[in-house]
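Have the sequence and the coordinates open as you read.

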Amino acid sequence: MAKIENKAQYEWALKKVEELLPLVNDETPLDDPNSIELELLSNMVADYSEEHFAMGTPSLADILKLRMHEMGLTQISLSKILGVSPSRISEYLSGKSEPTLKVGRVICHKLGIDANIVLGV
């Protein structure tokens, strides 16, 4: 099997990886059959998982909501930090509006959010 094609194969490979894990450790030679099989199956499981179960990139609105929760901020307190109106924060959180470059810089610096997320890159 060069590639996992369906869920049944994925589940079989996942079970086999779990069986092989206790048999391989840092001292196991790379040419050991269990080590080779574990490496191959792990890569195939990872490839299938990435293709079928990937979560995607979070939106700026998702990251803002998370950061607000982490910092205990309301829309009003966030608006004061960013220097915009609470209604503008509501637009950011609903995805109706994107921040200007100036506000984007403030988001990066004051909230510690990566510029790539703020810019939608």
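## Before we start

Helices here are DSSP runs of H or I with at least four residues, numbered from the N terminus. Please keep in mind that this is a predicted model.

Which residues have the most contacts inside the largest nonpolar core? This core has 16 residues, and those with the most contacts inside it are L64, L78, L82, I89, I107, L111 and I113. At least two core residues come from each of α3 (60-71), α4 (75-82), α5 (86-94) and α6 (101-111).

Setting aside neighbours within four places in sequence, L111 is in contact with L64, R67, M71, L73, L78, L82 and V106. Another core, of 11 residues, lies apart from the largest one, and its members include I4, V17, L20 and Y48.

In soluble globular proteins, nonpolar side chains tend to be buried together.

Now turn to α4, where L78, S79 and L82 are buried. Why do these residues lie on the same side of α4? They do so because they cover an arc of only 105 degrees around the axis. The partners against which the buried residues of α4 pack are α3, α5 and α6.

On the face of α4 turned away from the buried side, you will find the exposed residues I76 and K80.

## Just after α4

The residue that follows α4 is G83, and its phi is positive, near 75 degrees.

Notes:
Residues are numbered from 1 along each chain as its sequence is written. This is a predicted model: local features need pLDDT of at least 70, side-chain atom pairs count only at pLDDT 80 or more; totals for chains, interfaces and linings use all residues. Side-chain values use heavy atoms; hydrogens and water are left out. A nonpolar core is a set of buried Ala, Val, Leu, Ile, Met, Phe, Trp, Tyr and Cys residues joined through side-chain atoms within 4.5 Å. Buried means under 20% relative accessible area, exposed over 50%, partly exposed in between (1.4 Å probe, protein chains only). Contact means heavy atoms within 4.5 Å. The arc is that of the directions from the helix axis to the C-beta atoms.
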